[in-house]
Amino acid sequence: MNDNFHTLKGYAMQEHKQITYAMEDYLEMVCRLAEEKDYVRVHELAERLHVKPSSVSKMVQNLKRLGMVEFEKYGYLKPTGQGLELGNYLIYRHRVLAEFLCFVNGT
């Protein structure tokens, strides 16, 4: 029997991944919004993700601690170089999966 199978979370833990799936969602949206203009406001991110601004503030602090975004309280938010690199990959991954599923689905 092959014991190399894990859950998605199990694989992430094996990779010693610091960023969670929820953080990925926030970072992807930060990068999407940053494509439109150079900065993002907390309330814009909250509106796009359909969450409370207080939830955004907490998550942004975590992303800042990991060096993914620059943020000052009540200020502007923007991805760092590292955050932009990961965020662009997340956008690419999202697009590829959406195209694949639409192809399989025939839509």
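Which residues does L45 touch, not counting residues up to four places away in sequence? They are Y26, M29, V30, L33, V40, V56, V60 and L77. The model is predicted. The chain has five helices and two strands, and from the N terminus on its elements follow the order α-α-α-α-β-β-α. Of its 107 residues, 32% count as buried.

**Overall figures**

- Among contacts in the chain with a separation of 6 or more, 49% are between residues 24 or more positions apart.
- The chain exposes about 7,900 Å², and carbon and sulfur atoms supply 56% of that area.
- Searching the whole structure gives four salt bridges and zero disulfides.

**Nonpolar core**

- The largest nonpolar core has 24 residues, and those touching the most other members are L45, L63, V69 and L77.
- At least two residues of this core come from each of α2 (21-36), α3 (42-49), α4, β1 (69-71) and α5 (81-105).
- Helix α2 gives the most to this core, namely eight residues.
- Two of the residues named for this core, L45 and L77, also touch each other.

- V60 is part of helix α4, which covers residues 53-65.
- The relative accessible area of V60 is 0%, so V60 counts as buried.
- Apart from neighbours within four places in sequence, V60 contacts L45, V69, F71 and L77.
- Of these contacts, L45, V69 and L77 are also among the residues that touch the most other members of the largest nonpolar core.
- V60 and E72 are 12 residues apart along the chain, and 9.7 Å separates their C-alpha atoms.

- A34 sits in helix α2.
- With a relative accessible area of 17%, A34 is buried, because the cut-off for that class is under 20%.
- Beyond neighbours within four places in sequence, A34 is in contact with V40 and P79.
- V40 is also one of the residues that L45 touches.
- The C-alpha atoms of A34 and K78 are separated by 6.8 Å, although the two residues are 44 apart along the chain.

**Salt bridges**

- E28 and R32 meet through their side chains in a salt bridge, with an N to O distance of 2.8 Å.
- E28 and R32 are four residues apart in helix α2, so about one helical turn separates them.
- E28 is buried, with a relative accessible area of 10%, whereas R32 is partly exposed at 28% relative accessibility.
- R48 and E36 form a salt bridge between their side chains, at 3.4 Å from N to O.
- Because R48 lies in helix α3 and E36 in helix α2, this pair ties together parts that are 12 residues apart in sequence.
- R48 is partly exposed, with a relative accessible area of 41%, while E36 is exposed, with a value of 56%.
- K37 and E44 are also joined by a salt bridge, in which the closest N and O atoms are 2.5 Å apart.
- K37 is partly exposed, with 32% relative accessibility.

**Cysteines**

- C31 is buried, at 1% relative accessibility.
- C102 is partly exposed, at 35% relative accessibility.
- The search of the whole structure finds zero disulfides.

**Nonpolar surface patch**

- F100, L101, F103 and V104 make a nonpolar surface patch of about 490 Å².

How values were computed
Residues are numbered from 1 along each chain as its sequence is written. This is a predicted model: local features need pLDDT of at least 70, side-chain atom pairs count only at pLDDT 80 or more; totals for chains, interfaces and linings use all residues. Side-chain values use heavy atoms; hydrogens and water are left out. Buried means under 20% relative accessible area, exposed over 50%, partly exposed in between (1.4 Å probe, protein chains only). Contact means heavy atoms within 4.5 Å. A nonpolar core is a set of buried Ala, Val, Leu, Ile, Met, Phe, Trp, Tyr and Cys residues joined through side-chain atoms within 4.5 Å. Patches are made of residues with over 30% relative accessible area and no salt bridge: like charges are joined within 9 Å, nonpolar side chains (Val, Leu, Ile, Met, Phe, Trp, Tyr) within 5 Å. Accessible areas come from the Shrake-Rupley method with a 1.4 Å probe; for residues, only the protein chains shown count as cover. A disulfide is a pair of cysteine sulfur atoms within 2.5 Å.
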